[in-house]
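I opened my notebook for a friendly look through this one, entry by entry. Here is what I looked up along the way.

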Amino acid sequence: MSEQSVSPEPIDPGSSWASRRRRGIAGWGDPRGRRLGGWAFILNRLTGLGVLLYLSFHLVVLSLLARGPSAWDGFVSLAGSPIFLCFDVVLIFGLLFHGLNGIRVTLVGFGLVVDRQRAMLVALMVIGAIALVVAALHIFAAG
Amino acid sequence: MSAGIDPARDTHATEGTGVPIRFRVYRRKAGDRAGHFDEFALEVAPDTTVLDALVAIRTRLDPTLMLRHSCFHASCGTCGMRVNDAEVMACVTKVLDLGTPRVKVEPIANGALLGDLATDMVDFYARLAAIGRALVRNSEWLPSSELPPGIEAHNRYESCIECGLCLSACPVVATDARYLGPAALAAAERAIGEPRGLDPGFILNLIDDPQGAWRCHAAFECTEACPSEVDPAGAIMALRRRAAGARLRSIIRRRT
């Protein structure tokens, strides 16, 4: 099946007056009026982008190693600062949410526990919250 | 502009005894460059629905307000709207249940606008037609009913009232015009489950497509928005299982 065959012809705004009110990116990110699954959808996109951003940053930081010990040591001392540790907690939140919600989306995508997806989300988020608190305590205790 | 609900029209409220609500209603007519909101003040009674209020606004305050309704009991699917940013049937949504002194009313999103709160459903129906307009309930045809000229038969499929709320609530439809969408996919799942003369293989082939069942991102907003318990998200996941199973079986057949 080609992509074109699935969808009908769009209404031509030139031939008859019909203004398409497609919400665009606001339909992804606007949390107003959304329910639990919609919030999970929004957070999944935000954490996905955040983790991608982190990965790029991580690779840039690792490239400091190629510039010798002084460049690396300078970064390591910065990484121990309380603000940086807070960013670490945000990162772990992103990883936990994206990973745990990913389990839910994968199971649901296989047609499993579809009717319990909301309960599954709540259960996974409780696990995530506990893991986040444990991780935060470890980060600040070590820092 | 302000008015109470006419006691002669609405038995629920008497002038001066209702709760004052400000309605912010989306307005856009043919040729307008952009939409805007008009505000109408109205007193509502505990049982006043959003549709009651809109009809009162049109009758008493602004006869140019375009909206569409028919049955007043969430059966015809014509008064689906976005009220306070959520997709609802205006006819079964009580104003005071919303709990806000200001109520925002917009047409359903992601479709073509005819004017104000009325949207063009042609695109929506075309998607259902692509599936084969499944499941015509014979029991819903009154043999004695008179049909308008040019209409061969009244038909609808299953619980879906064809209101378009699922398409309005879906975040994927918001950015992708090619996605088949929740209503048509729900129809496809019912048609494959109970083909009644349609070809299940053809429908499975149609939905096993990047713009079919695989386009969904599992936000479940369609199922939440549906006023008729069709559960399009559940249907989409069932279709994925069917499509994946069919592919697996064809691979096994090829190997053996």
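**Entry 1: a helix pair in chain A**

I started with two helices of chain A, and α5(A) and α6(A) turned out to be roughly antiparallel to each other. A reminder to myself before going on: this is a predicted model. Helix α5 of chain A covers residues 82-109 and helix α6 of chain A covers residues 117-142. I noted an angle of about 155° for their packing, with the axes 9 Å apart. That angle is over 145, so the pair counts as roughly antiparallel. For handedness, I wrote down that α5(A) and α6(A) cross in a right-handed way.

Next I looked at which residues meet. On the α5(A) side I found, among others, Leu85(A), Val89(A), Ile92(A), Phe93(A), Leu96(A) and Leu100(A). On the α6(A) side, the residues include Met120(A), Leu121(A), Leu124(A), Ala131(A), Ala135(A) and Phe140(A). Asp88(A), Asn101(A) and Arg104(A) of α5(A) are also in the list, as is Gln117(A) of α6(A).

**Entry 2: chain A as a whole**

I counted six helices and one strand in chain A. Read from the N terminus, the order is α-β-α-α-α-α-α. Chain A has 143 residues, and 17% of them count as buried. I also checked the contacts in chain A between residues at least 6 apart in sequence: 59% of these join residues at least 24 apart.

Then I moved to chain B, where I found eight helices and eight strands. Of its 256 residues, 48% count as buried. Among the contacts in chain B with a separation of 6 or more, 62% come from residues 24 or more positions apart.

How is chain B divided? I have domain 1 at 2-115 and domain 2 at 121-255. Where they touch, 13 residues of domain 1 are in contact with 14 residues of domain 2. On the domain 1 side, the elements that give two or more residues are β4 (80-83) and β5 (86-89) of chain B.

**Entry 3: the core**

I went looking for the largest nonpolar core and found 80 residues in it. Leu54(B), Ala90(B), Leu185(B) and Ala188(B) have the most contacts inside this core. Helix α5 of chain B, residues 182-193, gives the most to it, with eight residues. Both domains of chain B take part, with at least three residues drawn from each.

Setting aside neighbours within four places in sequence, I listed its contacts as Thr49(B), Val50(B), Leu51(B), Leu54(B), Cys79(B), Met81(B) and Val83(B). Leu54(B), in that list, is also one of the residues with the most contacts inside the core.

**Entry 4: a helix pair in chain B**

From α3(B), I noted Phe124(B), Arg127(B), Leu128(B), Ala130(B) and Ile131(B). They meet Ala183(B), Ala184(B), Ala187(B), Ala188(B) and Ala191(B) of α5(B). Ala188(B), on the α5(B) side of this pair, is also listed with the most contacts inside the core.

**Entry 5: two positive phi values**

I noticed that Ala218(B), not a glycine, has a positive phi of about 55°. I placed Ala218(B) in the loop between α6 and α7 of chain B. With 22 C-beta neighbours inside 10 Å, Ala218(B) counts as buried.

Glu229(B) is not a glycine either, and its phi is positive at about 55°. I found Glu229(B) in the loop between α7 and α8 (232-255) of chain B. Is Glu229(B) buried or exposed? I counted 8 other C-beta atoms within 10 Å, so Glu229(B) is exposed.

**Entry 6: two exposed residues**

Pro210(B) sits in the loop between α6 (200-207) and α7 (221-225) of chain B. It counts as exposed, with 12 C-beta neighbours inside 10 Å. Pro210(B) and Tyr179(B) are 31 residues apart along the chain, and I have 8.3 Å between their C-alpha atoms.

My last stop was Asp97(B), in helix α2 (residues 95-98) of chain B. Asp97(B) has 9 other C-beta atoms within 10 Å and is therefore exposed.

Notes. Residues are numbered from 1 along each chain as its sequence is written. Chains are lettered from A and ligands numbered from 1 in the order in which they are written. This is a predicted model: local features need pLDDT of at least 70, side-chain atom pairs count only at pLDDT 80 or more; totals for chains, interfaces and linings use all residues. A nonpolar core is a set of buried Ala, Val, Leu, Ile, Met, Phe, Trp, Tyr and Cys residues joined through C-beta atoms within 7 Å. A residue is buried if 20 or more other C-beta atoms lie within 10 Å of its own, exposed if 12 or fewer, and partly exposed in between; C-beta atoms are placed from the backbone. Helices (H or I, at least four residues) and strands (E, at least two) are DSSP runs, numbered from the N terminus. Domain bounds come from an automatic or database domain assignment. Two residues are in contact if their C-beta atoms, placed from the backbone, lie within 7 Å. Axes are lines fitted to C-alpha atoms, for helices over the stretch in contact, and angles run from 0 to 180 degrees between N-to-C directions. Angles under 35 degrees count as roughly parallel, over 145 as roughly antiparallel, 65 to 115 as roughly perpendicular and the rest as oblique. A crossing is left-handed if the near helix is turned anticlockwise from the far one by less than a right angle, and right-handed if clockwise.
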